[in-house]
Amino acid sequence: MSVLEERYRRVLRLLPASYRARREEEMVSAFLDGARRAETGLDDQRVRWAEIAGVAALALRVRLGGPGSPPGEYATGEAVRGAAILGLVFWTMTGTLFAAQTVLTYGVVAGVLPDGLMGIGDPESPERLRQVLSGLAPLLWAASLGGLAAGRAGTAKASAWAALVLPYALEPATGGGPARVAGLLTALPALVTALALTAGFHRDAPPPRLRGAAAARVVAFPA
């Protein structure tokens, strides 16, 4: 066994044993053939980072199995996908409330505030615009949930990550320290939702069970 082959087999240990038993020899052969076709041949004796990343992504996809996967892997995948859906429902409700508060606080919609009151900040100031956009960004969680209900997992993932990142990207660069660290820690539950969504709804996953009556229940949940 060459050094390169040994290293490929070591990387493949990221995969579940049952999957390796079926595919390891085939995958090692494919990796070695690819190395032979590369300009360096087999002289480099190193596994490329792209290959390691590909195996790691495959390992995660297999462990969060879809239809036809072993029962344990399928159950794990369903648990992660269920957690992602519950997280999206929670953050959609929270984001909607936060966006409504932003509309009231900053007087975004004309006629919302009582007579004699004005929204916070100079209407022409970039600071006010940044704060308003930051306050409305959580509505992207609703876009993520809607994308998932429509079967568009890619749209759901992009919207979830945008909802997570944009409020912090729009914050001023100043004001760091403990307050900013506390804010980042508060975002950890939302990060868990985004990670579960990204990992759980891979290309082999079943379509989300969030249609028809289920979607109506989600809308009615706040009531």
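# Reading the surroundings of tryptophan 141

Reader: Which residues is tryptophan 141 in contact with, leaving aside its neighbours within four places in sequence?

Author: Contact means heavy atoms within 4.5 Å. Tryptophan 141 has such contacts with Leu88, Trp91, Thr92, Ala160, Ala163, Leu164, Ala190 and Thr193, once neighbours within four places in sequence are set aside. The model is predicted, with local features needing pLDDT of at least 70 and side-chain atom pairs pLDDT 80 or more, while totals for chains, interfaces and linings use all residues. Residues are numbered from 1 along each chain as its sequence is written, and side-chain values use heavy atoms, without hydrogens or water.

Reader: Is tryptophan 141 buried or exposed?

Author: Buried means under 20% relative accessible area, exposed over 50%, and partly exposed in between (1.4 Å probe, protein chains only). Tryptophan 141 is buried, at 4% relative accessibility. Buried residues make up 34% of the 223 residues in the protein.

Reader: How many helices and how many strands does the protein have?

Author: Both are DSSP runs numbered from the N terminus: helices (H or I) of at least four residues, strands (E) of at least two. The protein has ten helices and zero strands. From the N terminus the order is α-α-α-α-α-α-α-α-α-α. Among contacts with a separation of 6 or more, 65% join residues 24 or more positions apart.

Reader: How many aromatic pairs does a search of the whole structure find?

Author: A pair of aromatic rings is described by the distance of the centres and the angle of the planes. Rings of Phe, Tyr and Trp (its six-membered ring) pair if their centres lie within 6.5 Å; planes under 30 degrees apart are stacked, over 60 edge-to-face, the rest tilted. The search of the whole structure finds three pairs. In one of them, phenylalanine 90 and tryptophan 91 have ring centres 4.9 Å apart and planes at 80°, so this pair is edge-to-face. Phenylalanine 90 is partly exposed at 45% relative accessible area, whereas tryptophan 91 is buried at 16%.

Reader: How far apart are the ring centres of tryptophan 91 and tryptophan 141?

Author: The ring centres of tryptophan 91 and tryptophan 141 are 6.0 Å apart and the planes lie at 25°, so the pair is stacked. This pair links distant parts of the chain, with tryptophan 91 in helix H4 and tryptophan 141 in helix H6 (residues 140-149), 50 residues apart. Through ring pairs, Phe90, Trp91 and Trp141 form a cluster.

Reader: Which residues have the most contacts inside the largest nonpolar core?

Author: In soluble globular proteins, nonpolar side chains tend to be buried together. A nonpolar core is a set of buried Ala, Val, Leu, Ile, Met, Phe, Trp, Tyr and Cys residues joined through side-chain atoms within 4.5 Å. The largest one here has 18 residues, and Leu88, Trp141, Leu148, Leu164, Leu197 and Phe201 have the most contacts inside it. H4, H6, H7 and helix H9 (188-200) each supply at least two residues of this core. H4 gives the most, with five residues. A second, separate core has 16 residues, including Leu15, Met27, Phe31 and Leu32.

Reader: Which residues does glutamate 51 touch, not counting residues up to four places away in sequence?

Author: With those residues left out, glutamate 51 touches Tyr8 and Phe31. Glutamate 51 sits in helix H3 and is buried, with a relative accessible area of 10%.

Reader: How far apart are the C-alpha atoms of leucine 188 and leucine 164?

Author: The C-alpha atoms of these two residues are separated by 9.6 Å, and the residues are 24 apart along the chain. Leucine 188 lies in helix H9. Leucine 188 is partly exposed, at 42% relative accessible area.

Reader: How much space lies in the largest pocket?

Author: A pocket, on a 1 Å grid over the protein atoms alone, is an open set of points where a 1.4 Å probe fits, with protein on both sides within 12 Å along at least five of seven lines; lining residues have an atom within 4 Å of a point. The largest pocket holds about 560 Å³. Of its 26 lining residues, Phe98, Ser134, Pro138, Pro167 and Tyr168 are the closest to the centre. Helix H4 (71-106), helix H5 (126-136), helix H7 (153-169) and helix H8 (178-186) are the elements that give two or more residues to this lining. H4 gives the most, with eight.

Reader: Which residues are closest to the centre of the second largest pocket?

Author: The second largest pocket has about 210 Å³ of space. It is lined by 15 residues, of which Tyr19, Arg61, Val62, Ser69 and Asp204 are the closest to its centre. Helix H2 (17-37) and helix H3 (49-63) each supply at least two residues of the lining.

Note on methods. Points joined across faces, edges and corners; volume = space filled by probe spheres on them.
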